[in-house]
Amino acid sequence: MKTYATSQLIDGLRSGDKRLLAKAITLVESKKAEHRDQAEDLLKAIMPFTGNSIRIGITGVPGAGKSTFIENFGKFAIANGKKVAVLAVDPSSSLNKGSILGDKTRMEELAREKNAFIRPSPTSGFLGGIANATFESLLLCEAAGYDYILIETVGVGQSEVLVSDITDVFLFLKIIGGGDELQGIKRGVMEMVDLIFINKVEEENRLKAKNTKIELLRALHFMPSKEKDWKVPVFLGSALNNEGLDAVYEKVQEFIDLKVATSSFEETRKRQAEKRFDYWVKEYILQHTKSGKEGETQYDLHKKNASDLKVNPSSEAKVFVEKLLKK
Ligand SMILES: Nc1nc2c(ncn2[C@@H]2O[C@H](COP(=O)(O)OP(=O)(O)OP(=O)(O)O)[C@@H](O)[C@H]2O)c(=O)[nH]1
Ligand SMILES: [Mg+2]
């Protein structure tokens with residue numbers, strides 16, 4: 001990786017250079033010790049310019065139409081004078097180490113917009129998970145002046161870092177007949193969701209979609225509300241035909257206004273920052289214990305003990321950490 005001076009990255013992203021914004025993201029994504037110092041310098045320097053975007057997580061089963069939705073929603077926001085960044089997380093790319101060609105091509109029109117920035121990232125491989133550095137990437141996009149950060153991810157399953165841990169709005173894209181269990185509608189999603197958009201509603205399935213909406217509203221009625229004074233709305237529309245996205249756009253603003261008015265906006269961001277702090281504490285402790293020749297040897301040795309199945313992994317981890325932190 002070609003190295004850039006921190007000041008060069010800051011000036012670049014602040015002045016709207018998308019190539020340098022991309023370089024900055026690559027830097028914060030790196031776990032290499034030699035990159036971490038610079039990454040932290042960079043994040044420290046841009047901190048005053050962060051926090052001003054609306055962060056939206058968009059989830060749905062593969063093929064639900066997330067990328068199509070983001071493309072048209074993004075274009076709508078841009079037409080309203082906003083700048084839009086997209087962080088698309090592709091679970092498969094961590095397997096083949098590739099980037100998400102599919103998403104890139106599907107968001108072609110948005111990618112051509114001057115006021116749009118699209119960044120595909122690999123995930124840690126978990127459904128609903130986001131890449132380890134998605135939060136830090138989001139901060140860089142904010143410092144670069146983007147008003148909306150749209151994060152695309154599949155499902156909401158178990159993961160170390162969930163998209164709802166770093167966003168203000170959680171939007172669930174549902175398709176009819178996809179199997180509710182499969183779509184995580186029974187649990188998980190319903191507890192986290194702020195807005196639901198039933199996608200691919202066209203003439204032939206409109207009636208079915210309306211019934212699905214009634215069922216969803218009924219189910220939501222029995223859920224404890226995540227946000228005081230907020231009833232999760234269910235929209236019908238078509239991302240492909242650009243139908244219903246303007247209503248979502250307005251509703252997102254209404255939701256943000258409500259959260260700001262009740263202080264829940266700031267409170268949520270504070271709780272999220274605490275979680276992020278804990279994430280990095282663990283990460284840096286792991287890196288610290290593994291650093292240096294002795295650390296590396298000890299790490300490999302104790303990990304091997306665990307993999308031999310003779311000792312239990314948690315006890316072995318405790319022995320390893322205590323030994324190294326005492327040194
Ligand atoms: N008929 C119809 N097709 C749509 C609609 N929205 C998306 N599609 C199509 O559904 C397919 C999948 O759309 P994507 O936007 O790639 O879906 P995705 O959720 O991003 O998929 P993954 O990234 O693979 O999880 C594409 O062929 C889209 O053209 C819609 O409103 N109506
Ligand atoms: Mg997609």
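Helices here are DSSP runs of H or I with at least four residues, numbered from the N terminus. With that in hand, welcome to this predicted model.

**Around the ligand**

Let's start with ligand 1, which has 17 residues around it. Gly 65, Lys 66, Ser 67, Thr 68 and Leu 240 are the closest of these. Which helix gives the most to this shell? That is H4, with 3 residues. Helix H4 spans 66–79, and together with helix H6 (101–106) it belongs to the helices that each supply at least two residues of the shell.

**The nonpolar core**

Now to the largest nonpolar core, which has 71 residues. Ala 24, Leu 140, Ile 149 and Ile 196 are the members that touch the most others. The core lies between domain 1 (1–49) and domain 2 (51–273), because both give residues to it. Take Ala 24: setting aside neighbours within four places in sequence, its contacts are Leu 9, Leu 13, Leu 42 and Leu 140.

**Confidence**

Across the protein chain the pLDDT averages 87, and 85% of the residues score at least 70. By element, confidence is lowest in helix H5 (residues 93–96), with a mean of 42, and highest in helix H11 (residues 245–261), at 98. Two stretches deserve a friendly word of caution:

| Stretch | pLDDT | Contacts beyond near neighbours in sequence |
|---|---|---|
| Residues 93–104 | below 50 | 18 contacts |
| Residues 124–128 | below 50 | 24 contacts |

Technical notes: Residues numbered from 1 in each chain as written. Chains lettered and ligands numbered in written order. Predicted model: local features only at pLDDT ≥ 70, side-chain atom pairs only at ≥ 80, totals over all residues. Near = placed C-beta within 6 Å. Core = buried A, V, L, I, M, F, W, Y, C linked by C-beta atoms within 7 Å. Buried ≥ 20, exposed ≤ 12 C-beta atoms within 10 Å, placed from the backbone. Domains from an automatic or database assignment. Contact = placed C-beta atoms within 7 Å. pLDDT = per-residue confidence, 0-100.
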